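Here is a short report for a reader new to this structure. Take a look at the model before reading on.

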Amino acid sequence: MTSPTETAPRVRPITRADNPHIAAVIREVSAEFGLTADKGYTISDPNLDHLYELYSAENSAYWIVEIAGRVVGGGGVAPLTGSDADVCELQKMYFQPSVRGLGLARSLAIGAMDYGRQCGFTRCYLETTASLTRAIRLYEQLGFRHIDGPMGATGHVDCEVTMLKML
């Protein structure tokens, strides 16, 4: 018999052991929405299998969502590559279908932006694709505003939705 605490979602910092599990979640969710590597989405990121190492850099963090010890999602924040020093980027927010609608993405995004603010960032950028309508609605509800084009040098050339929020 499982206890309620074993089945309750838990958000915690990424560990090295999480690398293959969160990469698998990102690949599964990307496939679900038709986000292929040839289009420059996260799935094509050469660091996808090494997120712990990537987010161990200064002013970067990534959080894992797990239920009963199983990784079901995650998201992070890091300085926006190729941009002003005061801009961070909300990154790699992916959740399996079983945990969508529970408020986990909202909670994780708010925590990530709080972390960014603590690191001295004054703006938070993100990019996504129009097919992720629920994510876009969430970002709008969190105060992100659509901007005319990409910032920085993310390499995600097919992410046509770009948004920015003042922290």
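## Helix 5

Which residues of helix 5 are buried? They are Ile-136, Leu-138 and Tyr-139. Seen down the axis of helix 5, these buried residues fall within an arc of 160°, so they line one face of the helix. The face turned away from that buried side carries two exposed residues, Arg-134 and Gln-141. Keep in mind that this is a predicted model.

Just after helix 5 comes Gly-143, with a positive phi of about 100°.

## The largest pocket

Helix 5 (133–141) also supplies at least two residues of the lining of the largest pocket. So do strand 4 (87–95), helix 4 (104–118) and strand 5 (123–128). The volume of this pocket is about 790 Å³.

The lining counts 35 residues. Nearest the centre lie Met-93, Phe-95, Arg-134, Ala-135 and Tyr-139. By class, the lining has 18 nonpolar, 10 polar and 7 charged residues.

## Aromatic pairs

A search of the whole structure finds 3 aromatic pairs. One of them joins Tyr-55 and Tyr-62. This pair is tilted, with 5.0 Å centre to centre and 45° between the planes. Both Tyr-55 and Tyr-62 are buried.

Tyr-139 and Phe-144 are both buried.

Notes: Residues are numbered from 1 along each chain as its sequence is written. This is a predicted model: local features need pLDDT of at least 70, side-chain atom pairs count only at pLDDT 80 or more; totals for chains, interfaces and linings use all residues. Side-chain values use heavy atoms; hydrogens and water are left out. Rings of Phe, Tyr and Trp (its six-membered ring) pair if their centres lie within 6.5 Å; planes under 30 degrees apart count as stacked, over 60 as edge-to-face and the rest as tilted. Buried means under 20% relative accessible area, exposed over 50%, partly exposed in between (1.4 Å probe, protein chains only). On a 1 Å grid over the protein atoms alone, a cavity is a set of points where a 1.4 Å probe fits but cannot get out, and a pocket is an open set with protein on both sides within 12 Å along at least five of seven lines; lining residues have an atom within 4 Å of a point. Grid points are joined across faces, edges and corners, and a volume is the space filled by probe spheres set on the points. Helices (H or I, at least four residues) and strands (E, at least two) are DSSP runs, numbered from the N terminus. Ala, Val, Leu, Ile, Met, Phe, Trp, Tyr, Cys and Pro count as nonpolar, Asp, Glu, Lys and Arg as charged, and the others, Gly among them, as polar. The arc is that of the directions from the helix axis to the C-beta atoms.
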